[in-house]
Amino acid sequence: MTHDVLSLSVLVFLPLVGALLVAATPKQAAGLQRGITLLTTLAVAVVGVALCLRFDGSTAAVQFGEAAPWFTLPGGVPVHYRLGMDGLSVLLVGLTAVLGPIVVLSTWGHIHERVKEFMVWLLAMQTGMLGVFVSLDLILFYVFWETSLVPLYFILGIWGGERRLYATIKFFLYTLAGSLVMLVAVIWLIWTAGTTDVMRLLDVGAGLPLETQLWLFAAFALAFAIKVPVMPFHTWLPDAHTEAPTSGSVILAGVLLKMGTYGLVRFGIAMFPGAALEAAPWMMALGVAGIVYGAFLAMAQTDVKRLIACSSVSHLGYVVLGLFALTEAGLRGSLLQMVNHGLSTGLLFLLIGMIYERRHTRALDQYGGVAAVMPVFALFLVFAVLSSVGLPGLNGFVGEYLILLGTWQASPWMAAIAVTGVIFGAVYLLMATRKLLFGPLVHSENKALTDLNGREVVLMLPIVVLCVWMGVQPNAFLDRADGSLRDVQARVERARHLRTASIEVPPAHRLEIEAR
Amino acid sequence: MLENYAPLLILLSLALGFTVSQVVLSEVAGRRRKNVGKGEAYECGMEPVGGARIRLSIHFYLVAVLFILFDVESVFLVLWAVAAEGFKEQGLALFVFGEIALFVFILGLALAYVWRKGGLEWDR
Amino acid sequence: MNPDIAQRILSQATLDASGPFLALALGVLVLVFLELLPALAALRQIVFLGSLAAAAWAATRTLFGPEIAAFEGTYVANSTTSWWALLFVASALIAWIFGRRYYRDEARFEGEHDILLLTAASGMVLMAGSRDLLVFFVGLETLSVPLYALSGFRRARRESVEAGLKYFVLGAFAAAIYLMGAALLYAGTGTIALAGFQERSELLETPLALTGLALIAASLFFKISVFPFHLWVPDVYQGAPSPVTTFMATGTKAAAFAFLLPLSFALPPESAGLVAAIALITMAAGNLGALVQTDMKRLLAYSGVAHAGTMLLALAGMHADPESGGASQAVLFYMAAYTFTAGGAFGLLTMLETQGGRPVTIDGLRGLARQRPGVAAALALFMLSLGGIPATGGFLGKYLVFSVAVRADMIAAAVVGVLISVVALGYYLRIIVAMYMQPEDATRPVPAESRPLSSAMALACAAMVLVLGVLPGWFLANVR
């Protein structure tokens with residue numbers, strides 16, 4: 001283990017240390033609690049960004065790796081505390097680290113009760129999310145994966161809206177059901193392979209017979225598809241988003257959903273490439289269905305927060321589509337789109353939260369003409385919407401373009417349908433913007449709205465900068481993922497070759513089962 | 001083979017003979033004095049006719065349970081007594097005596113406990 | 001008669017093997033003696049704790065050693081039985097500490113309470129170590145009879161008396177069934193020793209022996225509350241005094257499992273499917289039953305049924321594939337996690353009940369997080385552990401149990417099992433919702449007295465739950 005301050009262990013557990021510090025403060029000292037939390041998340045952001053900058057994207061090798069024996073499972077399978085970062089996780093780690101202080105700053109506006117508890121859960125949440133992205137031991141991954149549910153459960157359930165209890169339990173049970181099916185697959189895989197090392201499991205998974213791969217893929221993909229959420233499993237998301245406090249929504253949209261898409265790449269495509277090839281048409285169809293269906297859902301919403309939640313379903317449909325196009329452009333686009341969505345949708349949720357704090361309603365028809373009284377707000381909102389609909393020059397465009405390009409190479413039909421989603425996306429987001437910002441100021445309550453204050457502007461600026469930067473120079477980000485993406489691509493190609501050559505896959509790691 | 005059952009047969013005939021003789025003897029030699037109490041069916045202190053919800057002193061049960069407890073323990077003493085001879089021949093007399101003494105001591109402790117807690121007093 | 005019989009009975013090995021049992025039994029005798037002399041009542045607690053400590057110490061002496069057989073092989077002490085013994089000691093300690101100052105009307109019988117508790121614990125130790133149907137039966141009764149009395153300990157309370165009677169009648173019935181089974185098994189195989197069954201395994205396939213095995217299994221299933229023999233559990237757990245419920249929920253189940261594991265080789269391998277089905281139905285019955293409860297003790301009782309079903313799945317896995325192994329370890333680990341989790345949860349309920357003077361319902365927990373943040377946090381942790389969320393002992397227990405099933409190729413059963421266990425989160429979360437997310441219950445009395453001992457015990461339970469979940473290495477390496 002390294003003793004460098006810039007290590008993944010420090011990154012992952014720094015928030016938890018902060019949480020313990022906050023927990024030790026007196027109950028009423030809200031300022032102190034906020035201060036500690038902000039400082040902690042800032043430190044995490046610094047460490048996270050520094051790690052991302054030092055990351056060498058030209059290779060698929062695991063970097064900043066750490067390993068220590070943890071315990072031994074019955075049957076002699078050693079479980080390790082194993083952290084590491086590769087191209088698939090680097091951008092998401094950066095995203096999680098950067099969003100931290102922004103979310104904390106945003107809570108100034110809407111978390112006034114039980115501040116201490118909130119900060120503890122927020123920090124615990126960050127540990128869980130970072131842990132998911134950097135753990136390279138299957139058990140450790142699973143532990144982080146499931147424990148990260150708990151803080152969000154509390155954040156939603158305590159500080160959420162009116163129907164929060166329904167939304168909370170729905171969210172928890174829905175995702176847990178998927179995770180537990182995955183657990184059975186995890187158990188089976190670990191027992192078969194005799195290791196919990198994710199990097200070794202990638203090779204083992206690819207070597208399994210196709211039918212086995214398909215079963216395992218189904219179990220893993222179910223858990224991730226619910227988390228993403230892919231179309232038929234999306235019903236928990238609008239509820240959770242609508243009821244969550246702003247900061248909860250930002251985390252949910254910004255990072256938590258990405259745990260699903262991250263899982264799909266690493267444990268779906270890279271680990272079971274043969275099965276991924278088989279399932280690709282279906283997954284792409286689900287992705288496209290999500291794009292279109294989510295867009296239609298969004299169009300019908302009168303609650304602006306619900307609208308953005310439905311737009312998330314649509315946007316994440318792109319990610320799934322791009323991933324399962326299984327082409328270089330598709331994978332690159334999807335990886336970028338994960339970050340894009342985190343930034344743009346996060347920004348949208350922040351903005352909606354800010355206006356909600358002033359007006360206490362999310363109904364679209366209660367607004368109108370807000371641009372006249374809140375010009376700065378209007379500016380940011382228009383920016384966020386444009387970024388979200390994929391205006392060239394901003395981040396959303398690059399991701400969507402790459403995804404559509406990659407999909408075209410795999411299946412022109414799918415791409416054709418998916419493109420309609422881009423148009424629908426523009427329609428509902430711009431329509432919502434018009435209803436919110438422009439037109440006459442019909443509601444007198446809106447006249448008294450104050451514009452954004454300095455804190456609110458400052459907290460959004462990093463996102464804006466990143467959106468522009470990623471739009472103009474996407475390769476600065478994508479290059480970091482290059483090596484790993486090539487590796488995933490190579491795994492898929494190998495499986496494709498095996499399939500077309502119809503060579504029997506040697507059951508190298510299944511010997512002991514066959515013998516039984 | 002069958003002669004093994006002879007003791008059983010003897011026991012059976014003895015039991016049968018005893019009960020029959022008692023009934024017959026009391027019928028022949030007994031004096032007749034009728035009263036209401038004698039005419040009633042009687043079982044273990046309870047009236048078998050009528051509602052079951054009559055209050056009976058808990059002491060009946062307590063005494064009965066205590067009796068059963070110590071009664072059953074005496075069974076073990078009999079078994080010990082039968083086996084003790086064999087142990088004695090092997091020079092283990094002290095050992096087996098110690099064992100049964102321990103057993104009796106525990107029984108005594110229990111009796112003392114019952115006594116101390118007032119389990120043997122009827123009016124309390 | 002063998003001349004060296006005294007030698008064999010009084011040897012050091014015998015003493016080592018029966019150490020935990022002897023320590024507890026001696027404790028019982030001394031406690032009875034203390035009851036004779038009210039002047040010495042102050043020594044009671046010391047004797048009780050000393051007896052538990054001695055039992056634990058005796059158990060650690062055989063923790064890592066080879067198996068010692070005593071009393072003609074009818075009783076053994078090995079690593080597994082020593083772990084079980086430690087677990088029973090922990091279970092008794094948890095129940096005892098949370099039970100301090102619980103009994104108000106029965107305060108003058110606290111001595112009897114301790115005696116009965118310790119006797120029951122000694123019965124558990126006997127059950128876990130027995131390798132003979134009759135020795136097990138003696139242990140079973142040594143456990144059960146005190147528990148009947150303890151269930152009805154609050155004699156002024158209708159529910160408690162009802163619980164005592166219900167448990168007694170059904171328990172006596174189960175005991176009778178056990179004896180019938182043992183008799184049939186003896187008739188079919190000519191032995192009552194587990195080793196004897198192993199030698200004459202071909203005789204176990206006869207209808208007579210199979211009937212006997214089924215009867216014995218039924219009576220054990222009654223003790224570990226497996227469907228359809230679980231119906232007494234909610235009534236008894238709810239009605240019995242809370243500390244006793246704590247002890248029953250953790251200890252009794254463990255003791256019955258401790259014997260079921262070495263016995264289960266006797267069941268024919270074809271029965272694996274049946275056992276798995278029973279396990280799944282038990283999980284479903286427990287979880288669905290718990291879903292509609294409002295009383296916390298009743299809810300946890302049903303949840304305990306579901307947990308028994310989960311552990312039974314490991315047993316089914318062991319049947320299907322005896323070579324795969326790990327079932328004993330899985331059940332032991334699961335039970336250890338469950339003991340500290342459920343023990344802590346029932347304990348906290350006991351504490352709240354003592355302070356509030358009335359049974360705790362889910363609604364009664366509303367807003368607890370604000371009034372008693374420590375209690376709420378610990379209870380939330382226990383609920384998450386019962387639900388099998390990672391970083392708690394409950395998760396690893398679940399992992400081990402399901403991995404036994406998966407290794408035995410019972411993947412469908414495992415998938416159904418995990419899906420049923422999702423239901424469980426439905427009610428565990430409801431409890432957390434009440435504590436953290438709902439406005440407080442204004443009628444809850446403010447605690448008049450602090451309970452440092454109970455609080456420390458709850459903290460210790462929570463710590464154990466986390467240790468078993470986060471740093472299980474030592475336990476996994478040493479628990480077999």
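This is a chat about a predicted model, taken chain by chain.

Me: What secondary structure does chain C have?
Reply: Chain C has 21 helices and two strands.

Me: And how far does the C-alpha trace of chain C span along its principal axes?
Reply: The trace spans about 70 × 60 × 40 Å. For 480 residues, a compact globule would have a radius of gyration near 23 Å, and chain C comes out at 21 Å, which agrees.

Me: What share of chain C counts as buried?
Reply: That's 60% of the 480 residues. Also, take the contacts in chain C between residues at least 6 apart in sequence: 79% of them join residues at least 24 apart.

Me: Let's pick one residue. Leu93(C): buried or exposed, and why?
Reply: Leu93(C) counts as buried because it has 21 C-beta neighbours inside 10 Å, and the cut-off for buried is 20 or more. You'll find Leu93(C) in helix α5(C), residues 79–99.

Me: Switching to helix α10(C). What span should it have?
Reply: α10(C) covers residues 207–223, so at 1.5 Å a residue its 17 residues should span 24 Å. The end C-alpha atoms are 24 Å apart, so the model agrees with that.

Me: Which residues of α10(C) are buried?
Reply: Quite a list, including Ala209(C), Gly212(C), Leu213(C), Ile216(C), Leu220(C) and Lys223(C). On helices in general, there are 3.6 residues a turn, so residues three or four places apart point the same way.

Me: What do the buried residues of α10(C) pack against?
Reply: They pack against α8(C), residues 158–189, and α12(C), residues 242–263.

Me: What follows α10(C)?
Reply: Ser225(C) follows α10(C), and its phi is positive, near 55 degrees.

Me: New topic: chains touching. Which pair has the most contacts?
Reply: Two pairs of chains touch, and the most contacts are between chains A and C. There, 29 residues of chain C are in contact with 26 residues of chain A.

Me: Which elements of chain C give two or more residues to that side?
Reply: Those are α18(C) at 393–407, α19(C) at 411–437 and α21(C) at 473–478. The largest share is from α19(C), with 13 residues.

Me: What classes of residue are on that side of chain C?
Reply: By class, there are 22 nonpolar, six polar and one charged.

Me: What about chain A and chain B, how far apart are their closest C-alpha atoms?
Reply: They lie 45 Å apart, and no contact joins the two chains.

Me: OK, on to strands in chain A. How do β1(A) and β2(A) pair?
Reply: β1(A), residues 63–73, and β2(A), residues 77–85, pair in the antiparallel sense over eight bridges. Within that pairing, Pro69(A) stands opposite His80(A), and Thr72(A) stands opposite Pro78(A).

Me: How many residues sit between the strands of that hairpin?
Reply: Three, and Gly75(A) in the hairpin takes a positive phi near 95 degrees.

Me: Last one: what pLDDT does chain A average?
Reply: Chain A averages 88, and 96% of its residues score at least 70. Over residues 506–516 of chain A, though, the pLDDT is below 50, and that stretch has eleven contacts in the model beyond near neighbours in sequence. Where pLDDT is low, the predicted coordinates should not be read in detail.

Terms used: Residues numbered from 1 in each chain as written. Chains lettered and ligands numbered in written order. Predicted model: local features only at pLDDT ≥ 70, side-chain atom pairs only at ≥ 80, totals over all residues. Helix = DSSP H or I, 4+ residues; strand = E, 2+ residues; numbered from the N terminus. Rg over C-alpha atoms; globule rule 2.2 N^0.38 Å. Buried ≥ 20, exposed ≤ 12 C-beta atoms within 10 Å, placed from the backbone. Contact = placed C-beta atoms within 7 Å. Nonpolar A, V, L, I, M, F, W, Y, C, P; charged D, E, K, R; others polar. Pairing = 2+ DSSP bridges. pLDDT = per-residue confidence, 0-100. Expected span 1.5 Å × (residues − 1).
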